[in-house]
Amino acid sequence: MDKISNLEKQIAYLQEVLRCKEEELRALQANEQHASFCSPDKLSKDDVERFSRQIIIPAIGCKGQMALKTSSILIVGVGGLGCPAAQYLAGSGVGHIGLVDYDEVECSNLHRQLLHTEDSIGVPKVTSASIALKKLNSSLRISEYHTQLNSSNALNIVQKYDIVIDATDNVATRYLLNDACVLSGKPLVSGSALRLEGQLTVYNYNKGPCYRCIFPKPPPPETVTNCGDGGVLGAVPGVVGVLEALEAIKIVLGCSGILSGQLLLFSAESSAFRNVRLRTRNASCDVCGENPKISHLIDYEQFCGAKATDKDSSICLLREEQRINAPALFDSFVSKCEGLLIDVRSPEEFEMCAVPRSLNIPLKNIDEPDSVSQIITALQDKQAEQNPFPVYVVCRRGNDSQKAVLMLEKVLKDQNVAVRDLTGGLHAWARKVDSDFPIY
């Protein structure tokens, strides 16, 4: 029944895609028929009626609305930031929006990426967002790029637009977009959101600094946390994404007060905004300085030491005999009640879901004296059962658990134990053992 239900949803979604494309075709045909009656330098009757509430603002007027209508804005990342940014740009009357995203819609996206729906799970984000935006503004021109932006395609895409919005969630893409915008002479509106905080600024605008002026070197990969690992309250990227759209609109209109050389900080916890002045353009900057060293796009994943995606990136720190697969762990720990299972995720994650009888000790605390004492106490109650006694370590994806194994082998070297981690983490447990176990 579930397969039939999913198939029906997919059919309904494809029918909706077809309907939207047919409407788009009819709109194009209508535009061709009436082209001789409409001046490209004037707003149409529909434009005036639709955008009248902002046209009557003295700072905008018909001239400003025409500037929006003839503008083109690229949004890189159609997620928590990109969705609200795209929605408000479409609503404001921007004529052409480009959407770049390599990903498909997942259930975990829906709490913050509100252009997507349950019916669009599994659909490319650029397609899902395009359909939603067309329902809002059928005259909007949308270019979809269902691809990962990289050094080979970024310049070709960026050069087609007036303004670029960075709505991504990784450092490598931030450097890539910055360099592409500097080399193309495009302003870059950059936002980020994590947990209960958000940030916003504008790079490479009106002789202001670029991203490299502020951050000449990337941070160590282990110090960077994205919302997939650190979490985010859904409304926070909504706030920042709308502000990204606002900055882009202000640039199109030629407004003052653009956040160039300034960083806007938002705290959802205190509902407060704070504006911090950034350093000016760096004359020795590698890309926008007086004698730039960078004249073409480089390998940004190598430069940053991190992937340009927020997807699982597996590491391999252990030998095969130091690991155990999910069915074997189930047989040993659940069926035969053998061993001690240590879950090294955060207390918040452990509270969401956990394997019964597992012991929660976060990775950051795993080698602290109190934690080691807690583990040894747990071992003393069980250790007589087997020789050596199995200690299993689990985490979300199977990366942190490997680090924990190496740490535990040192602090438990005087204990008669064999420490192993679960290959693939609790994601593998959910796929291969317990289909009711949530994947997040």
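Biologist: In what order do the 8 strands of the open sheet lie, and which are the edge strands?

Modeller: In this predicted model, the sheet has mixed pairing and runs in the order β3-β2-β1-β4-β5-β6-β7-β8. Neighbouring strands are turned by 15° against each other on average, with direction ignored. The strands that pair on one side only are the edge strands, namely β3 (141-145) and β8 (272-277).

Biologist: At what angle to β5 does helix α10 run, and which strands does helix α10 lie across?

Modeller: Helix α7 (residues 171-184) lies across β1, β4, β5 and β6, running at about 170° to β5. Helix α10 (residues 235-253) also runs at about 170° to β5. The strands that α10 lies across are β1, β4, β5, β6, β7 and β8.

Biologist: Why are the buried residues of α14 on the same side of the helix, and which elements do they pack against?

Modeller: Helix α14 (residues 369-380) reaches 16 Å from its first C-alpha to its last, close to the 16 Å expected for its 12 residues. S371, V372, I375, A378 and L379 are buried in α14, and because they cover an arc of only 125° around the axis, they fall on the same side of the helix. On the other side, P369, D370 and Q380 are exposed. The elements against which the buried residues pack are β10 (340-343), β12 (389-394), α15 (400-411) and β13 (417-422).

Biologist: Are D103 and K125, which meet in a salt bridge, buried or exposed?

Modeller: The side chains of D103 and K125 meet at 3.9 Å, N to O, and the pair links the loop between β2 and α5 with helix α5, across 22 residues. Since buried means under 20% relative accessible area, D103 qualifies at 8% and K125 at 5%. Hence D103 is buried, and K125 is buried.

Biologist: How far apart in sequence are the parts tied together by D229 and R396, and which residues does their network join?

Modeller: The closest N and O atoms of D229 and R396 are 3.7 Å apart; D229 counts as partly exposed at 45% relative accessibility, whereas R396 counts as buried at 13%. Because D229 lies in helix α9 and R396 in the loop between β12 and α15, the pair ties together parts that are 167 residues apart in sequence. Through salt bridges that share partners, the residues joined into one network are D229, R396 and R397.

How values were computed. Residues numbered from 1 in each chain as written. Predicted model: local features only at pLDDT ≥ 70, side-chain atom pairs only at ≥ 80, totals over all residues. Heavy atoms only, no water. Pairing = 2+ DSSP bridges. Helix = DSSP H or I, 4+ residues; strand = E, 2+ residues; numbered from the N terminus. Axes fitted to C-alpha atoms, helices over the stretch in contact; angles between N-to-C directions. Contact = heavy atoms within 4.5 Å. Expected span 1.5 Å × (residues − 1). Buried < 20%, exposed > 50% of the residue type's maximum accessible area, 1.4 Å probe, protein only. Arc of directions from axis to C-beta. Salt bridge = Lys/Arg side-chain N within 4 Å of Asp/Glu carboxyl O.
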